[in-house]
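Dear colleague,

Please find below the structure for your review, with the sequence alongside. A summary of what was found follows it.

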Amino acid sequence: MRAAAALLSCRSSLVLAVVSLLAAASALEGGPRSVTYDHKSLIINGTRELIFSGSVHYPRCPAETWPEIIRKAKKGGLNTIQTYVFWNVHEPEEGKFDFEGNNDLVKFIKVIGEQGMFVTLRVGPYLEAEWNFGGFPYWLREVRNITFRSYNQPFMYHMKRFTQMVIDLMKREKLFAPQGGPIILAQIENEYGNVQLAYRDDGKKYINWAADMAVGLYNEIPWIMCKQKDAPNSVISACNGRHCADTFQGSNGANKPLLWTENWTAQYRVFGDPPSQRAAEDIAFSVARFFATGGSLVNYYMYYGGTSFGRTTSSFVTTRYYDEAPLDEFGLKREPKWSHLRDVHRAIKLAKKPILWGNRSVEKITGDLEITVFENEEMKLCAAFLTNNNTKNSASVSFRGRNYHLPEKSVSILPDCKTVVYNTQTIVSQHNARNFHPSKIARNLKWEMFQEPIPSFDELPIKNQVPREFYSLTKDTSDYAWYSTRIHFNRRNLPMRSDIHPVLQVASLGHAMLGFVNGEYVGFHHGSNIEKSFVLQKPVSLRPGINHISLLGETVGLPNSGAYMEKRFAGPRVVTLQGLMDGTLDITMNAWSHSVGLLGEKLRLFTDEGAANVTWSPLSKTLKPLTWYKTYFDAPEGKNPVALRMEKMEKGMIWVNGRSIGRYWVSFLSPVGQPTQSEYHVPRAFLRPKGNLLVVLEETGGNPETIRVETVNRDTICSIVPEYAPPHVKSWERNGDEFRPAVEELRTGARLRCTEDKIIKRIDFASFGDPEGACGSLYEGNCTSTNAREIVERECLGKRRCTVPVDRNRFVEDDGIGKGQCGGHIYKTLAIQARCGRDLE
């Protein structure tokens with residue numbers, strides 16, 4: 001009986017495995033697919049699935065580029081794309097919806113589905129996302145008695161109305177997986193746990209209502225909430241962060257899978273920030289650790305950050321978004337991040353069956369070393385993750401009769417509990433460096449200028465006793481608003497000495513301001529993302545009689561996070577004149593006039609039609625603030641992405657052919673003395689072959705003659721592979737239950753590959769020894785082989801791709817006269833830097 005029972009159990013496991021394989025084969029094909037879950041993973045079409053996902057936001061890339069971005073994501077080993085739904089994009093005015101062009105959410109989801117990928121739809125409708133007002137449309141702020149993200153009837157009414165509209169649209173287009181579409185998960189709210197306590201009891205009531213509302217609208221796929229420890233039982237709680245294997249306390253239920261909705265690939269930047277980086281090794285380590293702890297879904301935030309065009313960024317955020325993602329702002333593969341993550345996905349997929357069908361056990365060797373095993377003896381499945389948590393020292397670990405070398409802070413993946421196919425710290429994939437080249441065609445730009453007029457009190461239409469609050473004045477229709485007042489002085493009110501000047505002081509709630517007195521520029525001041533308030537203090541020249549004080553208030557995006565967002569304010573609060581003969585004069589209540597936006601905006605000078613409505617002057621040698629500049633250029637040569645280099649400008653906005661590229665602010669230097677962003681992406685989809693109109697609004701005095709049109713490439717490629725690295729993960733495959741080599745000869749090698757129709761034109765560096773540096777700036781260490789360059793050139797020059805085996809028997813050591821010998825007792829590294837180009841270049 002026991003033998004029969006064992007045989008029956010074995011047969012049941014085998015049948016289940018076969019059914020799972022058949023279901024997995026059809027999981028990404030068309031047709032209705034059920035989506036459920038258990039404690040292991042999501043279950044799609046009856047089979048457990050591992051989900052490798054990446055965030056791509058459709059408003060941050062032109063619709064023309066969606067297919068190529070999704071294709072690169074799929075090539076990177078992803079099977080899912082995650083996106084928010086942007087409320088203020090789709091309903092900029094209450095009741096008026098826009099799902100056309102770049103806002104075509106349905107088309108975006110269909111493009112993903114056409115490439116055989118799943119979708120996680122983060123309905124929100126609160127996003128954060130460093131997006132203007134966190135995705136809320138401005139008109140929502142002016143709804144009577146509203147409190148955002150609380151158990152507040154006006155807010156809940158509009159939130160449900162929008163959410164239902166989105167869900168109904170998805171159902172109508174049959175985009176949910178049970179209807180045959182790609183959407184397998186949906187999210188309601190976003191990181192509410194960060195602010196819930198501020199709303200007290202209403203916070204708890206609201207989050208329960210939000211979950212019930214969402215599930216009530218559509219309950220055939222799972223709903224999730226992220227960073228929500230007390231998420232209602234009807235949804236799955238998920239983790240956001242850099243190391244969720246160590247920081248996530250687990251799902252909100254024993255029968256729910258571990259999901260990671262945001263693995264931050266770097267960090268967004270605000271103007272004034274230094275660069276942000278996160279190593280590919282650290283991301284890969286975090287991913288391997290998460291799957292080793294039983295996780296089954298990871299999403300990279302962002303996988304492609306793109307560009308926040310126009311006025312879409314939140315307060316002080318740069319137009320360039322998550323440029324350090326696996327696909328950079330220009331859609332180019334950032335190596336080794338893209339390929340090193342592709343390889344960890346492949347390694348984990350080789351261990352997929354043991355992870356999803358094995359029993360997990362963990363053995364702590366020391367405080368830093370641990371072995372995680374997934375094993376199913378009946379199905380003869382076994383996979384292991386060997387982890388070294390020590391951030392400084394490598395280690396050796398013995399596992400099932402074999403010794404394994406573990407570099408510092410690394411995980412080795414053994415899909416068969418024997419063979420290391422991947423180590424998170426050991427990169428065997430390609431590196432590259434980004435290059436900007438001035439265009440040979442779009443050069444010698446001929447600039448013209450138009451001076452924005454400085455208005456006085458009588459010329460502005462909106463009157464008020466005190467300066468109006470900025471947000472309620474502009475209603476987010478412009479970054480700019482004029483404030484003007486007039487005041488009469490007789491001679492005895494003014495300082496008698498010529499070396500003493502009155503001082504204009506404006507205390508503002510943010511974000512920036514230009515001051516003018518009697519039409520003359522007196523200065524500029526601004527806040528920051530951390531402290532948006534500031535005080536403008538500038539000496540001014542006043543005259544007997546009427547004096548006009550005009551202030552141009554500015555914002556750099558609306559807030560996007562925190563509690564009570566509807567109660568944020570900006571603009572001038574107190575205005576005084578100091579140093580008068582009668583002392584300080586408070587002119588806050590002096591009666592003010594206002595106007596929203598600049599004349600150039602109203603005339604649409606950035607369009608072909610609008611530019612013809614004014615007289616443009618030749619470029620002046622005197623660079624004045626608040627000036628519009630115009631030129632034309634032809635589309636740059638080739639197919640590479642296009643950028644504008646703005647590093648000698650100061651602050652303003654850019655338009656190409658009437659389309660806003662976004663805000664620039666290169667005069668706001670980071671602590672390292674450099675602009676946070678100097679190059680600004682111009683998608684080729686915005687360009688025409690000839691005569692592209694470029695318009696720049698410069699606020700404080702930059703020189704447009706320094707602007708350059710450039711093309712962007714990643715033609716500098718490198719490979720940096722140590723001797724102890726395993727052969728590339730592509731060297732193995734799993735065929736059913738059999739794990740086996742996929743190549744005749746298993747060997748470690750330095751692999752180089754040029755993109756598109758390019759070949760390796762030259763070898764800039766080659767060393768076998770202990771080289772130093774990074775791709776683009778490699779240099780020799782203490783020792784190197786004398787024939788490394790010769791070997792590499794023979795293997796690689798003139799080819800699109802090549803592999804150079806890392807074999808010390810092929811390399812001749814230095815004779816010791818120049819570089820000292822490393823000796824045979826240390827691991828050596830083969831480092832190569834090459835330049836790709838077209839055959840005729």
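In this predicted model, lysine 333 lies over the face of tryptophan 338, 4.1 Å from the ring centre.

The protein chain is divided into domain 1 (30–334), domain 2 (435–450 + 602–712), domain 3 (454–597) and domain 4 (747–813 + 824–837). Between the C-alpha centres of domain 1 and domain 4 there are 41 Å.

The whole structure contains 43 aromatic pairs. One of them is the edge-to-face pair of tryptophan 66 and phenylalanine 108, with 5.1 Å centre to centre and 70° between the planes. Tryptophan 66 belongs to helix H2 and phenylalanine 108 to helix H4, so the pair ties together parts that are 42 residues apart in sequence. Tryptophan 66 is buried, at 0% relative accessible area, and phenylalanine 108 is likewise buried at 0%.

Five disulfides were found, among them the following:

- Cysteine 718 to cysteine 775, S to S 2.2 Å. The torsion about the S-S bond is about 80°, so this disulfide is right-handed.
- Cysteine 754 to cysteine 836, with the sulfur atoms 2.0 Å apart. This link is left-handed, with -85° about the S-S bond, and both cysteine 754 and cysteine 836 are buried.
- Cysteine 796 to cysteine 802, with the sulfur atoms 2.1 Å apart. Both cysteines are buried.

By contrast, the cysteine sulfur closest to that of cysteine 226 belongs to cysteine 239, and at 9.2 Å it is too far for a bond. Cysteine 226 is buried, at 1% relative accessibility.

With kind regards

Technical notes
Residues numbered from 1 in each chain as written. Predicted model: local features only at pLDDT ≥ 70, side-chain atom pairs only at ≥ 80, totals over all residues. Heavy atoms only, no water. Domains from an automatic or database assignment. Phe/Tyr/Trp six-rings, centres within 6.5 Å; stacked < 30°, edge-to-face > 60°. Helix = DSSP H or I, 4+ residues; strand = E, 2+ residues; numbered from the N terminus. Buried < 20%, exposed > 50% of the residue type's maximum accessible area, 1.4 Å probe, protein only. Lys NZ or Arg CZ within 6 Å of the ring centre and 35° of its normal. Disulfide = S-S within 2.5 Å.
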